[in-house]
Amino acid sequence: MNKYESKTDQPVLIISGGLLVAFVIASFINIDFVSNMVNLSFAFAVKYFGAFWQVLLLGTFFIALFLGFSKYGNIRLGGIERPEINYFKWIAMIMTTLLAGGGVFWAAAEPMFHFLERPPIFAGKGVESGTESAVIPAFAQAFLHWGFLAWSILGTLGTIVLMYAHYQKGMPLKPRTLLYPLLGEKIMKNSALGTIIDASAVIAVAAGTIGPIGFLGLQAAYGLEALFGVPNNLFTQVTIIISVVAIATISAITGLRKGIQFLSNLNVIITLILMVAILILGPGGFIIDTFLAATGFHLQEFLTMSTFRGDSVWLGAWTIFFWGWFIGYGPMMAIFIATITRGRTVRELILAVSITAPAVTAFWFTVVGGTGMFYELAEPGVVSDALNTSGMPAAMVAITQQLPLSSLIAPLFLIVTILFVVTTADSMAYTISVAITGDGHPPKSMRVFWAIIMGTVAVVLLMISEGGIEAIQSFIIVTAIPVSLLLLPTLWAAPKAVKIMYKEQFGSKIRVKKKTEVDSTKKP
């Protein structure tokens, strides 16, 4: 249902595509200037918006929990009675789209980083870097960055607003529609404001997807050299990116029900096989103990870690960086989740996105990172030396090399890493196309265009220098400034939307119940 004609929004396409091209051209002319400008803008975002983002994510999470576990949790979204996609496929598509490269490389590296250098919030609390006392706090910090708050900003309140506005009121699936409960159809008719909103969201998610695609070229090339002796050079890196983009393009063309769903399912199945293999062949007891202890510590220190403002440099490198990254994805992930969630209740949505996905992510981080931590404690330097010398992909390789059957497990990790990025690229190419057309079934040519342009930008930036990839990765934090202002109104727009939907779905039942109660009191 769409009251507005589904057509390509030319201004949004030109602005978003044009700015990406301009970024590439500027990087080609003077990469140092571009990097410096991005760094200055990044520092501005961290200084003036960091605290706001922390409050925004906390507010989103707690309001989502209230809506999910109140009477409003019974509301069925999307105007149909039964889900279109079964639960496993649904949760697989949600999780693999967000995790991207973080699914493996951050899982291997982030807990180790926090283990080697204790987060400042734990200063004076008996936590010493590089010792057993730092293990649980390290995982708790990683759980915060990839947990409840991150997932909630991506697919709870925004998704509810979009599903109400699109499926019940006929508004297009565009980022500007997030303001519909507050501004009504004015936001659709105000082309200037709407164009700025849509273009900002498209640029943010494109930058956030190009970064992982580019880094995958670097990281997978390192893995291929370490495991199979394939030369780690520009040709290998570019070949990897072209292959990823080709697969993502085919997947995006076939759509949600075929390519995207198939790759997401395959990704999750291989990931589950790896989890079971590591628990059996690796330090299973250590992993489970660490997961339980770190989860308890995380819950105990949740508010303290979420509101920490003590070390601005550390916050900018870690918590605020992640918050900006996830905020930048927020509107597009809300659109993506809205297209696959029809027929599910508000409670199912909140449980899946705010509880189940963070819990599964935390366990996966413990399986991968906990394995590395176990071997690092037994033999200091076996993982950390590789991490400090060659970065995150080296940590992943070092961890797998400690395991039995590493010749089988290591390639599977590499495949999963590539699949995580492919599923993000295909889903975002599809979702950007939806946002530009406002239609849940955008033209295939538009999907191909965005898959190719994101891959092309990644290749060009990689050919200029690694600094180009790092610059556009940081650029999403800058674009998160306008996007966060767009997501802020969902704190009250989502409750307003569910109140309306509750009256529409349960109003007659409530009136009948009240009438019955009144009649019963009249009886002698």
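The points below cover the cavities and then the largest pocket.

This is a predicted model. The structure holds 2 cavities of 30 Å³ or more. The largest pocket takes in about 590 Å³ of space, while the largest cavity has a volume of about 50 Å³.

**Largest cavity**

- Two helices, H6 (148–155) and H7 (157–168), each give at least two residues to the lining.
- H6 supplies the largest share, with 3 residues.
- By class, the lining has 6 polar and 3 nonpolar residues. It has no charged residues.

**Largest pocket: residues**

- The lining of the largest pocket comprises 26 residues.
- Nearest the pocket centre lie Trp106, Phe215, Gln219, Met392 and Glu470.

**Largest pocket: helices**

- Helices giving two or more residues to the pocket lining include H4 (105–116), H10 (191–228) and H15 (312–317).
- H16 (319–340), H19 (392–401) and H22 (466–487) also give two or more residues each.
- H10 makes the largest contribution to the pocket lining, at 5 residues.

Key: Residues numbered from 1 in each chain as written. Predicted model: local features only at pLDDT ≥ 70, side-chain atom pairs only at ≥ 80, totals over all residues. Heavy atoms only, no water. 1 Å grid on protein atoms, 1.4 Å probe; cavity = no way out; pocket = protein on both sides within 12 Å on 5 of 7 lines; lining within 4 Å. Points joined across faces, edges and corners; volume = space filled by probe spheres on them. Helix = DSSP H or I, 4+ residues; strand = E, 2+ residues; numbered from the N terminus. Nonpolar A, V, L, I, M, F, W, Y, C, P; charged D, E, K, R; others polar.
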